[in-house]
Amino acid sequence: MEFQQEEAAKDRDLVEAVNREAGELIRLLRCSQAPDQVLATATEHIQAAMKSLAPYLRQGEGWSTISIASDTPGLGWLEDDLTRCMPYSPVSGTCNPVAPPIRMWRDGDEVRGEVVFSPTYAGPPNSVHGGIIAAVFDELLSMANVISGNAGFTGTLSIRYQRHTPLDRPIELWAVNERTSGRKLFCRGEMRVDGQVTASAEGLFIRPATQMDS
Ligand SMILES: CCCCCCCC/C=C\CCCCCCCC(=O)SCCNC(=O)CCNC(=O)[C@H](O)C(C)(C)COP(=O)(O)OP(=O)(O)OC[C@H]1O[C@@H](n2cnc3c(N)ncnc32)[C@H](O)[C@@H]1OP(=O)(O)O
């Protein structure tokens, strides 16, 4: 297969829109029970989309939440939209179709947010999968570090699942960096539904020793 060296898309709205649609496609695949003929037609349409995207597949190493490949632009963020910090994150990235639709913003020293999980993210009946909950806390607590002026890799993350976290309902998100000791960053977070905590988290994040580690 030949790879074209075309200019990358400049219209961010378009990039976000196609990723949103792909997320909705995943939801429809997960939740529908279509007849064989409909599935066969859908497969053809998906294959056509894949064929048009394939020539633009990026090569190289350095894939991360903040860059497509090795052209890392740095860890910047917008106070009222912290998802912009890591646009390719599988947890919150608006340029990653597997991410649930999370909003996160800064409220003083704290991070607040909201997410509605579709059945794509289902675990126990009518509830969000526990691993997905842990992933969202990882991201949320990381953001609490970022707005405190620090960032680190997850060292230890402990989740307490207090109640089932429901699907298809707004989940409130909250996190704070409580203290920093040397390279260690200590954070706490909660998910709430109608003000009631469904899950809480404590995390210890470690800031890399040298810039080279980051
Ligand atoms: C927003 C983050 C920004 C990061 C920095 C910028 C990069 C930007 C790029 C991209 C965006 C990032 C995207 C983030 C996404 C969300 C976060 C994730 O999912 S991160 C992935 C999961 N985590 C790992 O893969 C870590 C793997 N582990 C390691 O790399 C190392 O083990 C690391 C960095 C955690 C520690 O290694 P050492 O060599 O720096 O640590 P030592 O010097 O041995 O210890 C320092 C102190 O920390 C304690 N410590 C070390 N590891 C610990 C751990 N796992 N748990 C508890 N304590 C630990 C030690 O006991 C020591 O404590 P004492 O000074 O003696 O009191």
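**A working discussion of the model**

A: Leaving aside residues up to four places away in sequence, glutamate 190 touches Phe137, Leu140, Glu172, Leu173, Trp174, Val197, Ala199 and Ser200. Please note that this is a predicted model.

Q: Where is the place of glutamate 190?

A: Glutamate 190 belongs to strand β5.

Q: And is glutamate 190 buried or exposed?

A: Glutamate 190 counts as buried, because its relative accessibility is 15% and the cut-off for buried is under 20%.

Q: With which side chain does the side chain of glutamate 190 make a polar contact?

A: The partner is the side chain of arginine 192, at 2.7 Å.

Q: Let us turn to arginine 179. Which strand does it lie in?

A: Arginine 179 is part of strand β4, which covers residues 171-181.

Q: What does arginine 179 count as in terms of relative accessibility?

A: Its relative accessibility is 49%, so arginine 179 counts as partly exposed; exposed would require over 50%.

Q: What does arginine 179 touch, not counting residues up to four places away in sequence?

A: With that exclusion, arginine 179 touches Lys184, Leu185 and Phe186.

Q: Changing topic to the ligand: how many residues are around it, and which come nearest?

A: There are 16 residues around the ligand, and the nearest are Asp138, Thr154, Thr156, Arg183 and Lys184.

Q: What is the distance from the side chain of aspartate 138 to the ligand?

A: An N or O atom in the side chain of aspartate 138 is 2.9 Å from an oxygen atom of the ligand.

Q: How much of the ligand does the protein bury?

A: The ligand taken alone exposes 1300 Å², and the protein buries 53% of that.

Q: Which elements give two or more residues to the shell around the ligand?

A: Those elements are α3 (130-147), β3 (153-161) and β6 (196-206). Strand β3 provides the largest share of the shell, with 4 residues.

Q: How do the residues of that shell divide into nonpolar, polar and charged?

A: The shell holds 6 nonpolar, 7 polar and 3 charged residues.

Q: What does UniProt list for residues 127-198?

A: An unreviewed UniProt entry lists those residues as "domain: Thioesterase". In the model, the end C-alpha atoms of residues 127-198 lie 11 Å apart, and the span is 25% helix and 46% strand.

Q: On to the backbone. What is the phi of asparagine 126?

A: Asparagine 126 has a phi near 60°, which is positive although the residue is not glycine. As a general point, most residues other than glycine have a negative phi.

Q: Where is asparagine 126, then?

A: Asparagine 126 is in the loop between β2 (110-115) and α3. With a relative accessible area of 64%, asparagine 126 is exposed.

Q: What about aspartate 194?

A: Aspartate 194 is not a glycine and has a positive phi of about 50°. Its place is in the loop between β5 (184-193) and β6, and aspartate 194 is exposed, with a relative accessible area of 67%.

Q: Where is tryptophan 63 found?

A: Tryptophan 63 is in the loop between α2 (36-53) and β1 (102-107). A polar atom of its side chain lies 2.8 Å from the backbone oxygen of glycine 60.

Q: Finally, the overall picture: how many helices and strands does the protein have?

A: The protein has 3 helices and 6 strands, in the order α-α-β-β-α-β-β-β-β from the N terminus. Of its 214 residues, 32% are buried. The accessible surface is about 13100 Å², with 53% belonging to carbon and sulfur atoms.

Q: Which share of the contacts with a separation of 6 or more comes from residues 24 or more positions apart?

A: Such residues account for 58% of those contacts.

Key. Residues numbered from 1 in each chain as written. Predicted model: local features only at pLDDT ≥ 70, side-chain atom pairs only at ≥ 80, totals over all residues. Heavy atoms only, no water. Buried < 20%, exposed > 50% of the residue type's maximum accessible area, 1.4 Å probe, protein only. Contact = heavy atoms within 4.5 Å. Areas by Shrake-Rupley, 256 points an atom, 1.4 Å probe, with all protein chains shown as cover. Polar contact = N/O pair within 3.5 Å; in protein donor to acceptor, adjacent residues only side chain to side chain. Near = heavy atom within 4 Å. Nonpolar A, V, L, I, M, F, W, Y, C, P; charged D, E, K, R; others polar. UniProt positions renumbered as here; feature names shortened; annotations may be inferred.
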